[in-house]
Structures are given as structure tokens and as C-alpha cells.
Amino acid sequence: MKIQFNTDKNIEGHERLETYFTAELEKSLARFEDKITRFEVHLGDENSAKSGVDDKRCVIEARPAKLQPIAVTAHADSIEKAFFLASDKIKKALTTAFEKQQAH
């Protein structure tokens, strides 16, 4: 399972975040490891230097084998919160997609 990270120019500490979030994603989505070819994580700050409510964004896209890509988006007041919200969403979306696949 490959995990690719992308950040916009407003996100600092890219390497530290990538290491931490990769470990968290691998741990929380380990049960899908044999069914997913790649995850893409996109982190961004929509308001740049300005502060705002829920202006941090995390998009996680999963590329399941033999299925269309599945993407989720989460907004929060910190990158960490946005990441964990998106992580929960992608886990639920993948569970639903694979359960539907087994039903057919």
C-alpha cells in the first residue's frame, strides 16, 4: 500500500507531518492493505496567512483494486483535526464499498 502526500505552500513541517500521518493511516487502515493500491493525501490551508474557522482541509483519495477511486474531504481548525476527520470518513467509505462488493 503506497501513501502519497501533497501539501500546498501554506503548510509547514511537511516531512514531520508526512511521517506522522503515514504511520497513523497505515495503522487505522491496515485491514484494507491488500485491497488498496494507493492512498493520496492532500493537505491545505484555504485562507493562507489569514485565520478562519475550519480553513484547514484534508482530502484523502483511496485507489481500491477493481473499483473506482474513493475520495473524502474534511475541514477543521487544524491540519491534525482535518486529517483525523478525513481518515474516519475514508474508513467508513471503504467499509461500505467493500461490503457492497461482497454482496454482489
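Predicted model: local features only at pLDDT ≥ 70, side-chain atom pairs only at ≥ 80, totals over all residues.
Contact here means heavy atoms within 4.5 Å.

Select the four strands. They form an open sheet in the order E1-E2-E3-E4, with mixed pairing. Strands E1 (2-7) and E4 (70-76) stand at the edges; each has a single partner strand, so one side of each lacks a neighbour in the sheet. On average, neighbouring strands are turned by 15 degrees against each other, direction ignored.

Zoom in on E1 and E2 (residues 36-45). The two run parallel, joined by six bridges. Pick phenylalanine 5: valine 41 in E2 stands opposite.

**The helices.** Show H1, residues 14-28. Helix H1 lies across E1, E2 and E3 (56-64), at about 145 degrees to E1. Next, show H2, residues 79-103. Helix H2 lies across E2, E3 and E4, at about 150 degrees to E4.

**The salt bridges.** The whole structure holds eight. Lysine 27 is exposed at 61% relative accessible area, whereas glutamate 24 is buried at 19%.

Move to arginine 57 and glutamate 46, a salt bridge of 3.1 Å, N to O. Arginine 57 lies in E3 and glutamate 46 in the loop between E2 and E3, so the pair ties together parts eleven residues apart in sequence.

Finish with arginine 38 and glutamate 40: their closest N and O atoms are 2.7 Å apart. Arginine 38 is partly exposed at 25%, while glutamate 40 is buried at 11%.

Note on methods: Residues numbered from 1 in each chain as written. Heavy atoms only, no water. Pairing = 2+ DSSP bridges. Axes fitted to C-alpha atoms, helices over the stretch in contact; angles between N-to-C directions. Salt bridge = Lys/Arg side-chain N within 4 Å of Asp/Glu carboxyl O. Buried < 20%, exposed > 50% of the residue type's maximum accessible area, 1.4 Å probe, protein only.
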